[in-house]
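Colleague: I have a model open and want to learn how to read it. Can you take me through it feature by feature?

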Amino acid sequence: MSSKEKTWKEVSIAGICSKSSVGFMTGDWKTYMPIRDLEKCTTCLTCVMFCPEGAIKWRPEMGKIEFDFGFCKGCGICANECPTKAITMKLPEEEE
Amino acid sequence: MKEQLKQETSALNGDEAVAFATKQCDVDVVAAYPITPQTIIVEKFSEYVANGEVKTEYVCTESEHSAMTACLSASLTGARTFTASASAGLALMHEMLFVTSGSRAPVVMAVANRALSSPLNIHGDQSDSMAERDSGWIQIYVENAQEAYDSIIQAFRIAEDVGVSLPIIVGLDGFTISHTLEKVDTLPDDAVKQFVGERQFPMVLTHEGKTVPFKLDPQNPMTMGPFALQNYYFEFKRQQVEGMKNALKKIQEVNFEYSKISGRSYGNGLIDTYQLEDAEIAVVVVGSTAGTLKVIVDQLRSEGVKAGVLRLRTFRPLPVEELQNALRNVKAIAVMDKSISPGGLGGAVFSEIRNALYNEEVRPNIVSFIFGLGGRDTSPRDLRKIFDTLTRIAKTGHIEKEIHYFGLRE
């Protein structure tokens with residue numbers, strides 16, 4: 001264990017987190033990535049509402065949907081729910 | 001020094017005594033599912049709720065797993081929480097028992113100890129809570145209905161202590177205590193309320209950098225029950241050990257403080273000894289059987305036999321030092337277990353007692369007596385035979401048989 005990590009006497013009890021999860025990427029172990037076809041996307045925001053991780057953000061000021069791949073776990077719910085089939089789940093190597 | 005208070009004498013069975021104590025402890029949430037022989041506790045308590053005698057939120061759940069989950073969640077919001085279970089119900093809670101202790105939620109639970117299936121049996125033995133030995137719960141076992149009442153009141157003080165912050169089981173032998181009517185002295189409502197006091201919270205550092213009381217609060221958000229892998233899980237387990245260590249001290253303090261207002265104490269809160277000081281032979285036991293053993297010790301003493309009893313009141317945390325001090329000079333010890341570990345070396349309590357004494361310079365001879373399974377009656381006449389066995393061992397220094405199945409047809 002690295003010396004930076006706290007001892008049992010230093011950490012708060014019951015695993016209460018002393019750091020925010022914003023800086024802790026939870027989406028770096030996904031297998032499939034949602035890839036959006038901008039031609040088909042109608043910006044209906046269905047994917048934004050269905051994403052269980054809040055990893056799809058609606059930016060009204062830009063009129064854009066953004067995927068945050070740092071938190072997207074690749075579950076595929078967005079692709080499943082998309083009414084125009086604009087999202088497909090692909091392996092990273094298929095993307096190119 | 002506080003003055004001993006005037007008390008009311010009632011005829012209550014163990015379950016009713018537990019329900020009445022819970023009523024007096026100003027409990028916020030009770031979530032439970034009835035199971036024999038605990039049923040009277042939750043039935044009686046739900047009557048208090050229906051009659052408006054308590055302000056408690058009573059949650060009828062669809063299973064014990066849900067009951068413990070509801071208790072854990074309520075407790076984490078800062079609510080004083082109580083539940084009760086037994087046997088299969090406690091077994092169904094198994095997963096959530098670990099989550100509750102790991103989350104440091106001071107839930108108080110009465111367990112009316114009962115055998116586990118199969119074969120199906122509703123009667124009293126301690127297999128259910130002994131199987132939860134490593135779940136991280138404090139375990140106190142009582143001798144009678146009076147102690148059941150007193151221990152529930154004490155349990156809230158112990159569990160909610162900031163240095164302890166652990167859930168607690170108060171075990172009462174099924175039927176022998178749970179359903180037997182006894183004389184129970186109860187304290188006035190306000191005295192109990194004052195004794196138990198307001199719930200206290202340890203302080204924790206949150207992700208916002210604030211140090212706040214450990215409870216779910218929208219004003220001070222925090223992450224509870226998170227993920228901790230190879231890098232931190234071990235540290236949190238070690239903290240639970242420390243909570244247990246603190247409980248050793250707290251249980252004794254609370255036992256002493258309670259004696260000031262009630263006039264009743266149970267040994268030092270951890271072990272309750274009887275005629276043990278100069279004893280050459282002794283029986284170690286958990287629960288109601290201790291009462292019968294004390295009567296036999298009186299008979300033996302009148303015949304000149306130096307016999308004693310040690311009732312292990314607190315099983316978790318195990319009072320190792322107290323056990324060593326109390327037992328090191330005894331020549332022969334029988335440890336009685338009202339539970340069985342098939343394939344193991346003697347009963348659960350036997351293993352702990354022998355373990356505690358292993359590194360002593362002079363070790364007493366120790367034998368295991370498995371007894372009372374599925375509620376099998378253990379008569380005073382039978383119990384006397386255990387002391388006869390011990391006398392033989394003390395005289396010869398030789399153990400003929402290490403593990404005895406006591407009261408079994410062979």
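Modeller: We will go through sheets, cores, the chain contact and a few backbone details.

Modeller: Keep one thing in mind from the start. This is a predicted model.

Colleague: Which strands make up the open sheet of seven, and in what order?

Modeller: Read a sheet by its strand order, then by the sense of each pairing. Here the order is β3-β2-β4-β5-β7-β6-β14 of chain B, and the pairing is mixed. β3(B) and β14(B) (314-316) stand at the edges with a single partner strand each, so each has one side without a neighbour in the sheet. Neighbouring strands are turned by 20 degrees against each other on average, direction ignored.

Colleague: How does β2(B) pair with β3(B), and over how many bridges?

Modeller: Look at the direction of the two strands and count the bridges. β2(B) and β3(B), residues 57-60, run parallel and are joined by four bridges.

Colleague: Are the faces of β2(B) covered or open?

Modeller: Check the residues on either side of the strand. β2(B) spans residues 29-32, and both of its faces are covered. V29(B) and A31(B) are buried on one side, V30(B) and A32(B) on the other.

Colleague: Where is P119(B), and what is the peptide bond from S118(B) to it?

Modeller: Omega gives that away. The bond from S118(B) to P119(B) is cis, with omega near 0 degrees. P119(B) lies in the loop between β5 (108-113) and α5 (127-130) of chain B.

Colleague: Which strands pair at the β14(B) end of the sheet, and in what sense?

Modeller: β6(B), residues 138-141, and β14(B) pair in the antiparallel sense over two bridges. Q139(B) has R316(B) as its bridge partner.

Colleague: What about the sheet of six strands?

Modeller: The open sheet runs β11-β13-β12-β15-β16-β17 in chain B, with mixed pairing. β11 (271-274) and β17 (403-406) are the edge strands, each with a single partner, so one side of each is left without a neighbour in the sheet. The twist averages 20 degrees from one strand to the next. Four bridges join the parallel pair β16(B) and β17(B). F371(B) is partnered there with F406(B).

Colleague: Which helices lie across these strands?

Modeller: Find the strands under each helix, then the angle. α10(B), residues 320-327, lies across β11, β12, β13 and β15 of chain B, at about 10 degrees to β11(B). α12(B), residues 380-396, lies across β12, β13, β15 and β16, at about 150 degrees to β15(B).

Colleague: How do I read a nonpolar core?

Modeller: In soluble globular proteins, nonpolar side chains tend to be buried together. The largest core here has 119 residues, and I152(B), I168(B), A282(B) and V284(B) touch the most other members. Helix α6(B), residues 145-159, gives the most, with nine residues. Domain 1 (8-202 + 226-262) and domain 2 (271-406) of chain B both contribute, so the core lies between them. Another core, of 11 residues, lies apart from it and includes A55(A), C72(A), C82(A) and I87(A).

Colleague: How many residues are in contact between the chains?

Modeller: Count each side separately. 21 residues of chain B are in contact with 14 residues of chain A. On the chain B side, α8(B) gives the largest share, four residues.

Terms used: Residues numbered from 1 in each chain as written. Chains lettered and ligands numbered in written order. Predicted model: local features only at pLDDT ≥ 70, side-chain atom pairs only at ≥ 80, totals over all residues. Buried ≥ 20, exposed ≤ 12 C-beta atoms within 10 Å, placed from the backbone. Pairing = 2+ DSSP bridges. Core = buried A, V, L, I, M, F, W, Y, C linked by C-beta atoms within 7 Å. Domains from an automatic or database assignment. Axes fitted to C-alpha atoms, helices over the stretch in contact; angles between N-to-C directions. Contact = placed C-beta atoms within 7 Å.
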